[in-house]
Amino acid sequence: MHESPAPSRSAPEGLAEIEALAARHHLTVLGGFACAGEAGVPRGTKTILMLGPQEPGYWPHLKAQAEWQDGAPDPVDRWSRRVIGRMACDLHAKALFPFGGPPWHPFYAWALRTGRVWDSPVRLLVQAEQGLLVSFRGALALTQAVDIPPPQPRPCDSCAQPCLTACPGGVLGIAGYDVPGCHAFLDRPEGRDCLQSGCAVRRACPVSRTYARMPEQSAYHMGQFHR
Ligand code: B12
Ligand code: SF4
Ligand code: SF4
(Lines give C-alpha, C1' and ligand atoms only; values in the text may rest on other atoms or scores of the structure.)
(Ligands and ions follow the chains in the order given, each with its own letter.)
Protein backbone atom coordinates (compact mmCIF):
# COMPACT_ATOMS: atom_id res chain seq x y z
CA MET A 1 0.00 0.00 0.00
CA HIS A 2 1.96 3.08 1.20
CA GLU A 3 5.06 1.24 2.44
CA SER A 4 7.62 3.69 1.10
CA PRO A 5 7.23 6.87 -0.90
CA ALA A 6 7.64 6.31 -4.62
CA PRO A 7 9.88 8.75 -6.48
CA SER A 8 7.87 11.74 -7.58
CA ARG A 9 6.67 11.25 -11.15
CA SER A 10 5.15 14.68 -11.63
CA ALA A 11 5.85 18.30 -10.79
CA PRO A 12 5.92 18.86 -7.02
CA GLU A 13 2.63 19.95 -5.53
CA GLY A 14 2.82 23.24 -3.68
CA LEU A 15 1.49 23.94 -0.21
CA ALA A 16 -1.58 25.72 -1.60
CA GLU A 17 -2.56 22.66 -3.68
CA ILE A 18 -2.06 20.32 -0.72
CA GLU A 19 -4.11 22.62 1.52
CA ALA A 20 -6.87 22.58 -1.11
CA LEU A 21 -6.78 18.75 -1.24
CA ALA A 22 -7.02 18.62 2.57
CA ALA A 23 -9.85 21.16 2.69
CA ARG A 24 -12.06 18.80 0.66
CA HIS A 25 -12.08 16.59 3.76
CA HIS A 26 -12.37 19.41 6.31
CA LEU A 27 -8.71 18.91 7.17
CA THR A 28 -6.06 21.62 7.43
CA VAL A 29 -2.26 21.77 7.43
CA LEU A 30 -1.49 22.60 11.06
CA GLY A 31 2.23 22.97 10.41
CA GLY A 32 5.18 21.34 8.72
CA PHE A 33 8.93 20.98 8.78
CA ALA A 34 11.80 20.05 6.49
CA CYS A 35 13.59 16.69 6.92
CA ALA A 36 16.98 15.47 5.78
CA GLY A 37 17.61 11.73 6.04
CA GLU A 38 16.74 11.33 9.71
CA ALA A 39 15.58 8.35 11.77
CA GLY A 40 11.88 7.83 12.33
CA VAL A 41 10.61 9.18 9.03
CA PRO A 42 10.36 7.25 5.76
CA ARG A 43 13.53 7.22 3.68
CA GLY A 44 13.67 10.05 1.15
CA THR A 45 11.27 12.31 3.06
CA LYS A 46 12.02 16.00 2.53
CA THR A 47 8.90 17.53 4.10
CA ILE A 48 6.43 16.48 6.80
CA LEU A 49 3.03 18.21 6.81
CA MET A 50 0.78 17.60 9.82
CA LEU A 51 -2.99 17.45 9.26
CA GLY A 52 -5.87 18.04 11.66
CA PRO A 53 -9.55 18.99 11.68
CA GLN A 54 -10.61 22.24 10.01
CA GLU A 55 -13.52 24.00 11.65
CA PRO A 56 -16.24 24.88 11.16
CA GLY A 57 -17.83 21.85 9.59
CA TYR A 58 -15.38 19.05 10.40
CA TRP A 59 -17.59 17.05 12.75
CA PRO A 60 -20.80 17.07 10.66
CA HIS A 61 -18.67 16.14 7.62
CA LEU A 62 -17.07 13.23 9.45
CA LYS A 63 -20.42 11.96 10.74
CA ALA A 64 -21.73 11.81 7.18
CA GLN A 65 -18.91 9.47 6.10
CA ALA A 66 -19.23 5.70 5.60
CA GLU A 67 -16.93 4.89 8.53
CA TRP A 68 -19.19 6.71 11.00
CA GLN A 69 -22.35 5.26 9.47
CA ASP A 70 -21.27 1.58 9.43
CA GLY A 71 -21.26 1.23 13.22
CA ALA A 72 -17.88 -0.56 13.35
CA PRO A 73 -15.26 0.51 15.95
CA ASP A 74 -12.81 3.40 15.54
CA PRO A 75 -14.68 5.35 12.83
CA VAL A 76 -12.51 8.46 13.14
CA ASP A 77 -9.25 6.55 12.77
CA ARG A 78 -10.60 4.44 9.89
CA TRP A 79 -11.79 7.58 8.07
CA SER A 80 -8.40 9.23 8.65
CA ARG A 81 -6.60 6.22 7.18
CA ARG A 82 -8.81 6.28 4.10
CA VAL A 83 -8.73 9.97 3.24
CA ILE A 84 -5.15 10.78 4.28
CA GLY A 85 -3.98 7.50 2.69
CA ARG A 86 -5.70 8.59 -0.54
CA MET A 87 -4.09 12.04 -0.37
CA ALA A 88 -0.70 10.40 0.14
CA CYS A 89 -1.23 8.18 -2.93
CA ASP A 90 -2.20 11.20 -5.04
CA LEU A 91 0.90 13.09 -3.88
CA HIS A 92 3.27 10.08 -4.16
CA ALA A 93 3.82 10.48 -0.43
CA LYS A 94 3.46 8.28 2.65
CA ALA A 95 0.70 8.70 5.21
CA LEU A 96 1.65 8.53 8.89
CA PHE A 97 -0.85 8.37 11.75
CA PRO A 98 -0.80 9.34 15.44
CA PHE A 99 -2.77 6.21 16.39
CA GLY A 100 -2.17 2.50 15.79
CA GLY A 101 0.74 2.20 18.29
CA PRO A 102 2.62 1.42 20.31
CA PRO A 103 5.12 2.21 18.99
CA TRP A 104 3.77 5.66 18.20
CA HIS A 105 5.01 8.05 15.57
CA PRO A 106 6.31 10.99 17.65
CA PHE A 107 3.58 13.49 16.72
CA TYR A 108 4.22 15.52 19.87
CA ALA A 109 7.89 16.00 19.04
CA TRP A 110 7.12 16.60 15.35
CA ALA A 111 4.53 19.24 16.23
CA LEU A 112 7.14 21.17 18.21
CA ARG A 113 9.28 21.38 15.06
CA THR A 114 6.64 23.24 13.05
CA GLY A 115 7.07 26.64 14.73
CA ARG A 116 3.26 26.78 14.97
CA VAL A 117 2.72 24.36 17.88
CA TRP A 118 4.30 24.64 21.33
CA ASP A 119 4.33 22.84 24.64
CA SER A 120 2.00 24.80 26.92
CA PRO A 121 2.57 25.51 30.62
CA VAL A 122 0.49 22.36 31.33
CA ARG A 123 2.54 20.41 28.75
CA LEU A 124 -0.36 19.73 26.38
CA LEU A 125 0.32 21.06 22.88
CA VAL A 126 -1.02 24.50 21.99
CA GLN A 127 -1.33 25.53 18.33
CA ALA A 128 -1.42 28.98 16.74
CA GLU A 129 -5.06 28.86 15.57
CA GLN A 130 -6.60 25.99 17.53
CA GLY A 131 -5.04 26.53 20.95
CA LEU A 132 -5.10 23.58 23.35
CA LEU A 133 -7.89 21.98 21.29
CA VAL A 134 -5.38 21.03 18.61
CA SER A 135 -5.28 17.39 17.55
CA PHE A 136 -3.85 15.53 14.60
CA ARG A 137 -5.47 13.08 12.20
CA GLY A 138 -2.28 12.22 10.31
CA ALA A 139 0.80 13.50 8.53
CA LEU A 140 2.13 13.42 4.98
CA ALA A 141 5.76 12.44 4.40
CA LEU A 142 6.60 14.03 1.05
CA THR A 143 9.65 13.36 -1.10
CA GLN A 144 9.48 16.95 -2.36
CA ALA A 145 10.69 20.06 -0.57
CA VAL A 146 7.39 21.90 -0.11
CA ASP A 147 6.89 25.36 1.38
CA ILE A 148 5.75 25.07 4.97
CA PRO A 149 3.37 27.38 6.83
CA PRO A 150 5.44 30.19 8.42
CA PRO A 151 6.29 30.18 12.14
CA GLN A 152 4.12 32.18 14.52
CA PRO A 153 4.70 33.75 17.95
CA ARG A 154 3.99 31.43 20.92
CA PRO A 155 0.66 32.64 22.40
CA CYS A 156 1.59 31.58 25.95
CA ASP A 157 4.26 34.27 26.14
CA SER A 158 1.63 37.03 26.18
CA CYS A 159 -1.13 35.19 28.09
CA ALA A 160 -2.43 35.25 31.66
CA GLN A 161 -2.16 31.43 31.49
CA PRO A 162 -5.63 30.39 32.69
CA CYS A 163 -4.76 26.79 31.67
CA LEU A 164 -2.68 26.50 34.84
CA THR A 165 -5.68 26.79 37.18
CA ALA A 166 -8.67 25.68 35.05
CA CYS A 167 -8.78 21.99 36.01
CA PRO A 168 -11.72 21.48 38.42
CA GLY A 169 -10.20 18.22 39.62
CA GLY A 170 -6.78 19.75 40.29
CA VAL A 171 -5.09 17.01 38.25
CA LEU A 172 -3.60 18.97 35.29
CA GLY A 173 -1.48 22.03 35.96
CA ILE A 174 2.05 23.19 36.66
CA ALA A 175 2.87 19.84 38.32
CA GLY A 176 1.92 17.89 35.20
CA TYR A 177 -0.93 15.52 34.42
CA ASP A 178 -2.20 12.97 36.95
CA VAL A 179 -3.97 10.67 34.46
CA PRO A 180 -5.54 8.26 37.04
CA GLY A 181 -6.68 11.33 39.01
CA CYS A 182 -8.38 12.71 35.89
CA HIS A 183 -10.23 9.40 35.33
CA ALA A 184 -11.31 9.34 38.98
CA PHE A 185 -12.64 12.90 38.70
CA LEU A 186 -14.51 12.07 35.48
CA ASP A 187 -16.32 9.27 37.37
CA ARG A 188 -17.72 11.81 39.82
CA PRO A 189 -20.81 13.98 39.15
CA GLU A 190 -18.54 17.09 39.07
CA GLY A 191 -16.72 15.52 36.11
CA ARG A 192 -19.78 15.59 33.90
CA ASP A 193 -18.95 18.99 32.37
CA CYS A 194 -15.53 17.73 31.19
CA LEU A 195 -17.13 14.60 29.75
CA GLN A 196 -19.89 16.49 27.94
CA SER A 197 -17.98 19.57 26.76
CA GLY A 198 -14.33 18.52 26.78
CA CYS A 199 -11.37 19.03 29.11
CA ALA A 200 -11.88 22.34 30.96
CA VAL A 201 -8.15 23.11 30.72
CA ARG A 202 -8.19 22.82 26.94
CA ARG A 203 -11.32 24.97 26.74
CA ALA A 204 -9.94 27.69 29.05
CA CYS A 205 -7.24 28.70 26.59
CA PRO A 206 -8.12 32.01 24.87
CA VAL A 207 -6.83 30.64 21.56
CA SER A 208 -9.08 27.54 21.90
CA ARG A 209 -12.01 29.90 22.44
CA THR A 210 -11.56 31.42 18.97
CA TYR A 211 -11.71 27.95 17.40
CA ALA A 212 -15.16 26.63 16.48
CA ARG A 213 -14.83 23.04 17.70
CA MET A 214 -18.20 21.48 18.55
CA PRO A 215 -18.75 20.25 22.14
CA GLU A 216 -20.21 17.08 20.60
CA GLN A 217 -16.82 16.27 19.07
CA SER A 218 -15.09 16.84 22.41
CA ALA A 219 -17.68 14.61 24.12
CA TYR A 220 -16.95 11.81 21.66
CA HIS A 221 -13.19 11.98 22.30
CA MET A 222 -13.66 12.24 26.07
CA GLY A 223 -15.84 9.11 25.81
CA GLN A 224 -13.02 7.30 23.99
CA PHE A 225 -10.47 8.47 26.56
CA HIS A 226 -12.67 7.56 29.55
CA ARG A 227 -14.23 4.25 28.53
C1 B12 B 1 -0.11 7.86 24.75
C2 B12 B 1 -0.91 9.11 24.50
C3 B12 B 1 -1.69 9.56 25.56
C4 B12 B 1 -1.72 8.89 26.92
C5 B12 B 1 -0.49 9.12 27.76
C6 B12 B 1 -0.04 10.56 27.95
C7 B12 B 1 1.18 10.67 28.89
N8 B12 B 1 1.33 11.83 29.47
O9 B12 B 1 1.92 9.77 29.07
C10 B12 B 1 -3.07 9.38 27.51
C11 B12 B 1 -4.09 8.27 27.32
C12 B12 B 1 -3.08 9.79 28.96
C13 B12 B 1 -3.40 10.54 26.59
C14 B12 B 1 -4.44 11.38 26.85
C15 B12 B 1 -4.87 12.34 26.00
N16 B12 B 1 -4.30 12.69 24.81
CO17 B12 B 1 -2.75 11.83 24.09
N18 B12 B 1 -1.56 10.88 23.03
C19 B12 B 1 -0.87 9.80 23.26
C20 B12 B 1 -0.12 9.41 21.97
C21 B12 B 1 -0.96 8.34 21.26
C22 B12 B 1 1.28 8.87 22.12
C23 B12 B 1 2.22 9.71 22.98
C24 B12 B 1 3.48 8.95 23.24
O25 B12 B 1 3.57 8.19 24.18
N26 B12 B 1 4.46 9.11 22.34
C27 B12 B 1 5.71 8.43 22.43
C28 B12 B 1 6.69 9.29 23.28
C29 B12 B 1 8.05 8.65 23.40
O30 B12 B 1 6.83 10.53 22.58
P31 B12 B 1 6.70 11.92 23.33
O32 B12 B 1 6.63 12.98 22.29
O33 B12 B 1 7.74 12.07 24.38
O34 B12 B 1 5.27 11.73 24.04
C35 B12 B 1 4.84 12.50 25.11
C36 B12 B 1 3.71 13.42 24.73
O37 B12 B 1 2.98 12.86 23.68
C38 B12 B 1 2.97 13.53 26.03
N39 B12 B 1 1.51 13.38 25.97
C40 B12 B 1 0.77 12.54 25.27
N41 B12 B 1 -0.52 12.69 25.47
C42 B12 B 1 -0.62 13.65 26.38
C43 B12 B 1 -1.73 14.14 26.98
C44 B12 B 1 -1.55 15.10 27.95
C45 B12 B 1 -2.76 15.64 28.62
C46 B12 B 1 -0.26 15.57 28.30
C47 B12 B 1 -0.08 16.63 29.30
C48 B12 B 1 0.86 15.03 27.66
C49 B12 B 1 0.66 14.09 26.71
O50 B12 B 1 3.39 12.45 26.86
C51 B12 B 1 4.17 11.58 26.09
C52 B12 B 1 5.11 10.79 26.97
O53 B12 B 1 5.98 11.66 27.67
C54 B12 B 1 -0.12 10.77 21.20
C55 B12 B 1 -0.09 10.63 19.68
C56 B12 B 1 1.32 10.42 19.17
N57 B12 B 1 1.46 9.52 18.24
O58 B12 B 1 2.23 11.08 19.63
C59 B12 B 1 -1.42 11.40 21.69
C60 B12 B 1 -1.55 12.93 21.75
C61 B12 B 1 -0.31 13.55 22.33
N62 B12 B 1 -2.66 13.08 22.69
C63 B12 B 1 -3.54 13.94 22.33
C64 B12 B 1 -4.81 14.10 22.91
C65 B12 B 1 -5.83 14.90 22.11
C66 B12 B 1 -5.10 13.54 24.14
C67 B12 B 1 -6.41 13.77 24.94
C68 B12 B 1 -6.71 15.24 25.13
C69 B12 B 1 -7.56 12.95 24.26
C70 B12 B 1 -8.96 13.52 24.34
N71 B12 B 1 -9.66 13.38 25.40
O72 B12 B 1 -9.43 14.12 23.38
C73 B12 B 1 -6.14 13.05 26.27
C74 B12 B 1 -6.03 13.94 27.50
C75 B12 B 1 -7.32 13.87 28.28
C76 B12 B 1 -7.82 15.20 28.62
N77 B12 B 1 -7.56 15.67 29.82
O78 B12 B 1 -8.50 15.80 27.81
C79 B12 B 1 -3.05 14.72 21.12
C80 B12 B 1 -2.39 16.06 21.47
C81 B12 B 1 -3.36 17.05 22.11
C82 B12 B 1 -2.66 18.26 22.67
N83 B12 B 1 -3.29 19.41 22.52
O84 B12 B 1 -1.58 18.16 23.23
C85 B12 B 1 -2.08 13.69 20.47
C86 B12 B 1 -0.95 14.30 19.63
C87 B12 B 1 -2.97 12.74 19.60
C88 B12 B 1 -3.61 13.37 18.38
N89 B12 B 1 -4.27 12.55 17.58
O90 B12 B 1 -3.59 14.55 18.11
N91 B12 B 1 -2.62 10.57 25.48
S1 SF4 C 1 -4.13 29.43 28.14
FE2 SF4 C 1 -2.48 30.83 27.51
S3 SF4 C 1 -0.65 29.91 28.43
FE4 SF4 C 1 -2.22 28.31 28.44
S5 SF4 C 1 -1.90 27.21 26.52
FE6 SF4 C 1 -3.43 28.81 26.07
S7 SF4 C 1 -2.20 30.53 25.31
FE8 SF4 C 1 -0.77 29.14 26.34
S1 SF4 D 1 -10.65 16.36 31.72
FE2 SF4 D 1 -11.31 17.66 33.44
S3 SF4 D 1 -10.41 16.64 35.25
FE4 SF4 D 1 -9.33 15.82 33.47
S5 SF4 D 1 -7.52 17.15 33.20
FE6 SF4 D 1 -9.14 18.06 31.93
S7 SF4 D 1 -10.13 19.58 33.25
FE8 SF4 D 1 -8.94 18.23 34.59
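Helices here are DSSP runs of H or I with at least four residues, strands are runs of E with at least two, and both are numbered from the N terminus. The model is predicted, so local features need pLDDT of at least 70 and side-chain atom pairs count only at pLDDT 80 or more, while totals for chains, interfaces and linings use all residues. Residues are numbered from 1 along each chain as its sequence is written, chains are lettered from A and ligands numbered from 1 in the order in which they are written, and side-chain values use heavy atoms, with hydrogens and water left out.

Start with H26. This residue sits in the loop between α1 (15-23) and β1 (27-34).

Next, select P102 and P103. Both P102 and P103 belong to the loop between β3 (94-96) and α5 (107-112). The G101 to P102 peptide bond is cis, with omega near -5 degrees. The bond from P102 to P103 is cis too, with omega near 0 degrees. Most peptide bonds are trans, and most residues other than glycine have a negative phi.

Move to Q161, in the loop between β6 (138-142) and β7 (172-173). Phi is positive in this non-glycine residue as well, near 60 degrees. Q161 has a relative accessible area of 26% and is partly exposed.

Keep Q161 selected and show ligand 2. Q161 is one of the residues around ligand 2, along with S120, P121, V126, L132, P155, C156, C159, P162, C163, C205 and P206; each has a heavy atom within 4 Å of the ligand. This shell holds 10 nonpolar residues, 2 polar and no charged. Ala, Val, Leu, Ile, Met, Phe, Trp, Tyr, Cys and Pro count as nonpolar, Asp, Glu, Lys and Arg as charged, and the others, Gly among them, as polar.

Finish at the largest pocket, whose volume is about 1,500 Å³. To find it, select L124, V134, S135, R202 and F225, the closest to its centre of the 44 lining residues. A pocket is an open set of points on a 1 Å grid over the protein atoms alone, where a 1.4 Å probe fits, with protein on both sides within 12 Å along at least five of seven lines; lining residues have an atom within 4 Å of a point. α10 gives the most to the lining, with 6 residues. By class the lining has 28 nonpolar, 9 polar and 7 charged residues.

Technical notes: Buried < 20%, exposed > 50% of the residue type's maximum accessible area, 1.4 Å probe, protein only. Points joined across faces, edges and corners; volume = space filled by probe spheres on them.
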